[in-house]
Amino acid sequence: MNTRQRISVRGLLIAASLLLNACAIVPQAESTRALESVLADPALEGAISSLTVRDANSGAMLFQRNGNTRLLPASSLKLLTAAAAMDVLGADYRFTTQLLSNGQQLGSRLDGNLYLRGSGDPSIQAQDYRQLAMALARQGIKSVSGDLVLDDTAFDASRLGVDWAHDDEEKYYGAQISALSLSPNDDFDAGTVIVTVNASALDGEPTLVSISPQNRTLTLLNRATVGPTNSITVNREHGSNQLTVSGTLPPGKQSRQWVSVWEPTRLVADIFQQALTEQGIEIRGQTLMGGVTAPGAVSLASHESPPLAQLLLPLLKLSNNSIAEVLLKAMGRKTANAGTASAGVAAVNSFLARQGISTELLTQVDGSGLSRRNLISTQSLTDLLLVVRKQPWFDSWYAALPIAGNPQRMLGGTLRNRLRNTPAENNLHAKTGSMGSVSSLSGYVSSANGRSLVFAMVSNNYLVDGDRIKALEDKVAVALAHWAN
């Protein structure tokens, strides 16, 4: 081969190489432009939005905008709480509620105090307290000579999180935190009741209102009537359990709303006393709130929650604040013998530090993300998403994330109505977050060529409707699912 031929062949090889490189670069460049276009949307004008995209296997940075800027994450903070809980408490951890006594049984009389001691179980329901009463009755006990003591001292007396908004207090997602609580159904929104309003067939007639579980702790003022539209509101007066139902409901229709209670321990006391009465058991002493179980008290019956790996499903799929908050305090209780949010945050920080994630670059004050004092960057969120993939409990944690576009409630979760008929459907697994002028989406997605990606997008301070920001997050998800490099 002569020199001219060698030069010609070399030129062809170089040209071919440049062409192949160009073909490899174009898809990524197109994906990058798509992401930049989303972040330039007028809906974000005057706001701040952060986006970080990385390769899930290598951690390599693929795209970043404002990645180190700390922002309010809303419920994406639950990713930290859930991951730390799996590490600190363990996937098999269960909350236990115990019935104990420091007395002796003399025939059908229990001669001493009866203690109901909680550890924060967010899943326990009225029927479970009835089962505890039935277990006592099966032992032949018909009366208790001493007091009924409600022991919620596993956690501190701070019922609300740091800087929670006052107008969230009556909402189900702002429910008070107690080591003795109960949930009205299997969503495990501990510290709440369900208010159901039914309308008759006649306009102007009063509605029928019921509360579940039935109790004597809450009182009801029903001002709602049958009318042309559904404008039902349920308000709880601050510092009380007085509920006021107002508005109208069309004929034959039903409205259900979840409302938090004031002092969940008092609701538990009421429900458990009813259960004891149903079993023919009399408490001759007083009912005492917040007492400490006597040393040496013997367990008479107990109830256990599902394991933590199962509790992750409502926690992450449904973005359950109550579960997040009790997990935070349970971590504090285990690591520092202090059922406080601050001790729980220290436990989370210790977990993050062990994974090589700097805790000096973020601030966490609660477990759920409801507080506006929480601050974290998308860089740190993706750091977490990367390190948890190496944990032995990752499969359970990943399975608990909402799945985009999956219509089944406990699969799709908060993403079940988003990203349908897109490449992200049943592909993207991610945690959502929403508060006033705050939106976030953080998780995992596979690209067009099967590349695993982690990403986090957080937006703050926008003035448009939140659905417009969710639409931008969805565009990011689709762009990542199309990513071909």
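**View 1. The largest cavity holds about 70 Å³ of space.** This is a predicted model, where local features need pLDDT of at least 70 and side-chain atom pairs count only at pLDDT 80 or more, while totals for chains, interfaces and linings use all residues. Residues are numbered from 1 along each chain as its sequence is written, and side-chain values use heavy atoms, with hydrogens and water left out. A cavity here is a set of points, on a 1 Å grid over the protein atoms alone, where a 1.4 Å probe fits but cannot get out; its volume is the space filled by probe spheres set on the points, which are joined across faces, edges and corners. Searching the whole structure turns up one cavity of 30 Å³ or more.

**View 2. Here is the lining of the largest cavity, with Gly120, Asp121 and Ile177 among its residues.** Lining residues have an atom within 4 Å of a point. They split into four nonpolar, five polar and one charged, with Asp, Glu, Lys and Arg counted as charged and Gly among the polar ones.

**View 3. Three strands make an open sheet in the order E11-E14-E13, with mixed pairing.** Strands are DSSP runs of at least two residues, numbered from the N terminus, and two of them pair if DSSP finds at least two bridges between them. E11 (219-222) and E13 are the edge strands. E11 runs parallel to E14 over four bridges, and Asn222 has Val245 as its bridge partner.

**View 4. E13 and E14 form a hairpin with five residues between them.** Their pairing is antiparallel, over four bridges, and Thr233 is partnered with Ser246. In the turn, Gly239 has a positive phi of about 80 degrees.

Key: On a 1 Å grid over the protein atoms alone, a cavity is a set of points where a 1.4 Å probe fits but cannot get out, and a pocket is an open set with protein on both sides within 12 Å along at least five of seven lines; lining residues have an atom within 4 Å of a point.
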